[in-house]
Amino acid sequence: MRTKLSALGLLILLVLASPPAWCQTLRWETNLPEAARQAAASNRLVLVHFWAPWCVACRKMEQEIFSQPDVQAAIDADYVAVQLNVDHNRPVAQQYGIT
């Protein structure tokens, strides 16, 4: 019985160590100038997602759009993704007309 538990435990560890594509998430940068440098170095564009804890539409977009594997793959291929909290980055948000 102990051998079966050990094998099951090992299988669980392997699954957790390498999550399948459907449960991976975007890697969001939080520093716009650094993201711009990364984008220039990798010949990609910068995608900025402005959000706030109080923004219902932002959360819906994160749950329903950014969580989709095909959307994540498309963003990873062509963009450096940046997520900026509007409340903490007001000057940048205002610069881009985000209210």
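Tyr96 is partly exposed in this predicted model, with a relative accessible area of 49%. The cut-off for an exposed residue is over 50%, so a value of 49% falls in the partly exposed class. Phe50, by contrast, is buried, at a relative accessible area of 13%. The rings of Phe50 and Tyr96 form a pair with centres 6.3 Å apart and planes at 45°; the pair is therefore tilted. Phe50 belongs to strand 1 and Tyr96 to the segment after helix 5, and the pair links these distant parts of the chain across 46 residues.

Two aromatic pairs are present in the structure. Besides the pair of Phe50 and Tyr96, Trp28 and Phe66 are arranged edge-to-face, with 5.0 Å from centre to centre and 75° between the planes. Trp28 is located in the loop between helix 1 and helix 2, and Phe66 in the loop between helix 3 (56–64) and helix 4 (69–78), so this pair ties together parts that lie 38 residues apart in sequence. Trp28 is partly exposed at 21% relative accessibility, whereas Phe66 is buried at 9%.

Both Trp28 and Phe66 are also among the contacts of His49, a residue of strand 1. His49 is buried because its relative accessibility, 5%, is under the 20% cut-off. Beyond the neighbours within four places in sequence, the residues in contact with His49 include Cys58, Glu62, Val82, Gln83 and Leu84. With Glu62 there is a polar contact between side chains, at 2.9 Å.

Glu29 is buried, with a relative accessible area of 10%. The C-alpha atoms of Glu29 and Val82 are separated by 4.5 Å, although the two residues are 53 positions apart along the chain. The side chains of Glu29 and Gln38 make a polar contact at 3.5 Å.

In helix 2, the buried residues are Leu32, Ala35 and Ala39. They lie on the same side of the helix, because the arc they cover around the axis is only 55°. In general, an α-helix has 3.6 residues a turn, so residues three or four places apart point the same way. Arg37, Ala40 and Ala41 are exposed on the other side of helix 2. The cover over the buried residues includes strand 1 (45–51), strand 2 (79–85) and helix 5 (90–95). At the start of helix 2, a side-chain oxygen of Asn31 comes within 2.8 Å of the backbone nitrogen of Glu34. Just after the helix, Asn43 adopts a positive phi of about 55°.

Of the 99 residues, 23% count as buried. The accessible surface is about 7300 Å², and carbon and sulfur atoms account for 61% of this area. Among contacts with a separation of 6 or more, 68% are between residues 24 or more positions apart.

Notes: Residues numbered from 1 in each chain as written. Predicted model: local features only at pLDDT ≥ 70, side-chain atom pairs only at ≥ 80, totals over all residues. Heavy atoms only, no water. Buried < 20%, exposed > 50% of the residue type's maximum accessible area, 1.4 Å probe, protein only. Contact = heavy atoms within 4.5 Å. Areas by Shrake-Rupley, 256 points an atom, 1.4 Å probe, with all protein chains shown as cover. Polar contact = N/O pair within 3.5 Å; in protein donor to acceptor, adjacent residues only side chain to side chain. Helix = DSSP H or I, 4+ residues; strand = E, 2+ residues; numbered from the N terminus. Arc of directions from axis to C-beta. Phe/Tyr/Trp six-rings, centres within 6.5 Å; stacked < 30°, edge-to-face > 60°.
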